[in-house]
Amino acid sequence: MAFQTFSYFVFIFVMVIGYYALPTRMRWVLLLAGSYFFYMCWNATYALLLLFSTVITFAASLLIDSANRKGEKYKKHKKIYVALSLICNLGILFFFKYWNMIAATLNDGFTWLAIPLQVQRTSVLLPVGISFYIFQALGYTIDVYRGDVKATRHFGKYALFVSFFPQLVAGPIERSSNLLYQFDEIHRPNFDVMRAGAIKILVGLIKKVLIADRLAVLVDIVFSNAEQYGAPAYIVAVVCFAFQIYCDFSGYSDIAIGSAGLLGFRLMQNFDRPYFSTSIAEFWRRWHISLSSWFRDYLYFPLGGSRRSMLRWALNTMIVFLVSGLWHGAEWTFVAWGGLNGLYQIVGRVTKSRRDHLIQAVGMNPDGRLRQVMAMFCTFVLTCFAWLLFRADNFTQLQLIFSRLISTWEFDSLLQLIHLVNGRECLLMAILVLSLLVIEWISQKHDLYAKLITSSLPLRWSVYLALMFVLILFGKYNESPSFIYFQF
Amino acid sequence: MLKWLKKALAPSGEETVHKNFTAKNIIGMLCFVLVFCLVFAGVEQLFYSDSLFSTTWNRIRSDGDVPEMLIMGNSHAFCSFVPDIINGALGVDSAVLGASGQNAAGMVDSLAAALTRGKPNVVVVELNTFYFDFDAMPQYHKGSALGNINGMPKIINRARAAWHEIGFENIPQGVTQLLRSDLMWSRWSTDKKPLNRYEGNDVLGYSFMNWHAMGNFDAQMLQAEAIEFSKSDERKSLEEKPLNELHRLFELANQYEVELWFVKAPTTSISQDDIQRLNDVAQIAKENCSFVTQVYDFRQNIGDMGFEIEDFYDTGHLSRQGAAKFTAFFSAWAGKIMDIKPDYAAAFAYQSEQIDVCTESMYRYTMNAYGEDVQYRFMLGKDGKEMLVSDWSTNNSVEIELNPQEADSLYVTMCPLHLLDQQETYALTLPFMVKNTCIL
């Protein structure tokens, strides 16, 4: 049941009506049943995995909490419980997501070493959202271990925390301190809150159905026929991909946040205008905020963070980004993408003082608009280069793309691409991307939503109608059925 | 238990979102919905056009004909199923969406595109396309260089490579198309022996589709004992790429909630490896997709269908009469599943709805319209000669002096406009008589 389908709208409508109609003490039951139903629409059997992960982390957290209360003597027990929880959950993740990748790599290695051994691959489907809900559940367990939160004794509400349908399959990865305790709150029907949620959903759909799915056509053509296109076509394709993945994922997050908002819940912001970042470090504070903060809190800080020597900091950073790359997909290209981003971070920090000196030496104002725009442009270029690794199917294709980027500077294939996609479509894509950038630029300084809801009724309704009609008339429906991040 | 339940359902927490939903809000929402409907009706009347086809509203509005049964696959699908027979026997509107040489990715892409037009009741997937090892097969639809075909004698692969270097584009398009279409459709001869106009030709006279023909083909060369059903319970894993495409197919079925039937059309011989891959597909389908409701290998019914050697064009493909026999049998099998009693009275009547009488001797032949962007080209092929009737245009209709009895000597080639410069890859040629639908 994808977010952009009619059946989801029926589902959310029923959930909202049912939620506010039920007595407050019964609402978690409805949400839990609805969340499992939502997940089982993807694959009913894999709901058992979700349940298994929930049970393991719930039990582990209770045991950890019990050990916490018993004192220092039981510190070792705590470590065992959290280790078991980590092993079980990461084991599930490893089997379903990474087994085939490891098997393929080992088999290639055996073949190369002429060892007559083959590791059997599996043909099981990757459960939707497994990376998200497992991380969410593990985050809770670790929070309990650290004593940051108290373990909940309400299994139903905990199960709802892990399986809450708006953010179950593609985030945001919520923290227990934010979401879990909201299930104890009482929410009454509030027009302003629900209107905000509905508008958020509309904006998310526009990003996904209007922009991301439209850009996907061009991107898929180029990357499916790698040998046919030259450097200009690749540059256009990777820029399109940068916006495709941003609109796809942030659109999904907006729909998730909006859907939760309709029910009175507040989910964390997952994107904060990332392409206006002036450095890679800033980019990662604005992109997929829930994941990067998860890695920061549960991997980077335990490794020591930046409170170590420069070399150790660099190593910690690289580990975090390599794992982040691996989280994104079971292919070595994702790991390389993560590694490249880690390298960007390291080089960025190491060269910061020199870059600052250079800016001063050329007489540029370090806080000026020109410097800011140049920094944004450079960050965008570096990010797009990294997206090449993310989007490529494998290293062979990547090699082909790089060689063509260097050697094949002809515009004929770009013109052919435009002709293939359709000139009008390309123009529409350009208009939509530019409009998105302009709106996001303006929204940095001005709260557009506040301005909208305080404007006159005719203006407000005109904006709503215009957005809805643009979506209905120009949206791409059923041609790209899922969100990119579903594969993670 | 009751105590736990009471505790679980006990109210707790403070009110953080206060009630603020008045009658005024409800009336406002209803008014907005009304305004929306009015504006929508106005926009739709003023701005409806085919160029907004991709919108949901236009798809609801358009009269797209959606076959009840879509048949997918490569040439094994294309040459085995006769939609007119299914239609005549079962009253089920069907269409073959296969293309020769199509690999699994192309098949799934075609199905995804077709499903945006509407949902059929069932999608029949001929499984041969899943055997393809992408790296070994020439990627016809990707425009890359020809690769070697596994199992072919080296001389033939070298000849194909040499022919490719000479370049199809150096040969007049009409001839190339006719070569393809003629040899493709020679299976559709009413003679018992498959027609082969190019006897004595070596592989240089063939286009890429002719690898089916294996050179100088003569049906008598097939061994009668090759027609036997061989079975294995073992499984051999599919290659990674067809396996990924298989899972994509499951996702499509789940998304559109459309039933899938996996079938294997009759062939004279099949390798043990391919049988085992077929078993792998069946097992994966059983484990992963509840929408795959039928998995059936029709090779086991070759005896029941009364097949003779002439019912085959080559080891992998049926002749016209073989396709008719198989489709009739398939219709009976499908009828049992769909609870429809086949009516064979009309099954073999190849009445075309596309022929109109203009004058006493002139007839208008109108091909099904497949979309705005599709270009049509009409060629007449008789006695080894070809004649251009109508060159590439959007005109799907020609008026010529051609008796409908000889309609199958009129060939229609179709290609989307934006792929016309790659027509040797993307164009498809059909003889006029057979009602097929194809989306490229």
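## A walk through the rings and helices

Start by selecting B:F250 and B:F262: both of these residues are buried. Keep in mind that you're looking at a predicted model. Now look at how the two rings sit. Their centres are 6.4 Å apart and their planes are at 20°, so B:F250 and B:F262 form a stacked pair. B:F250 belongs to helix α9 (residues 240-256) of chain B and B:F262 to strand β5 (residues 259-264) of chain B, so the pair ties together parts twelve residues apart in sequence.

Over all chains, the structure holds 74 aromatic pairs. For another one, hop to chain A and pick A:F271 and A:W287. Here the ring centres are 5.0 Å apart and the planes are at 90°, so this pair is edge-to-face. A:F271 is in the loop between α9 and α10 (280-286) of chain A, while A:W287 is in the loop between α10 and α11 of chain A, 16 residues away. Both A:F271 and A:W287 are buried.

Select A:R349 and A:W313: the charged end of A:R349 sits over the ring of A:W313, 4.2 Å from its centre. Then show A:K78, whose charged end sits over the ring of A:Y145, 4.9 Å from the ring's centre.

Now for two helices. Highlight α9 (residues 231-262) and α17 (residues 412-421), both of chain A, which pack at about 45° with their axes 6 Å apart. Therefore α9(A) and α17(A) are oblique to each other. Zoom in on the contact: A:P232, A:A233 and A:V236 come from α9(A), and A:S413, A:L414 and A:L417 from α17(A). Those contact residues are five nonpolar, one polar and no charged.

Last stop: A:S293, in helix α11 (residues 289-303) of chain A. Is A:S293 buried or exposed? Its relative accessible area is 9%, so A:S293 is buried.

Notes: Residues numbered from 1 in each chain as written. Chains lettered and ligands numbered in written order. Predicted model: local features only at pLDDT ≥ 70, side-chain atom pairs only at ≥ 80, totals over all residues. Heavy atoms only, no water. Helix = DSSP H or I, 4+ residues; strand = E, 2+ residues; numbered from the N terminus. Buried < 20%, exposed > 50% of the residue type's maximum accessible area, 1.4 Å probe, protein only. Axes fitted to C-alpha atoms, helices over the stretch in contact; angles between N-to-C directions. Parallel < 35°, antiparallel > 145°, perpendicular 65-115°, else oblique. Contact = heavy atoms within 4.5 Å. Nonpolar A, V, L, I, M, F, W, Y, C, P; charged D, E, K, R; others polar. Phe/Tyr/Trp six-rings, centres within 6.5 Å; stacked < 30°, edge-to-face > 60°. Lys NZ or Arg CZ within 6 Å of the ring centre and 35° of its normal.
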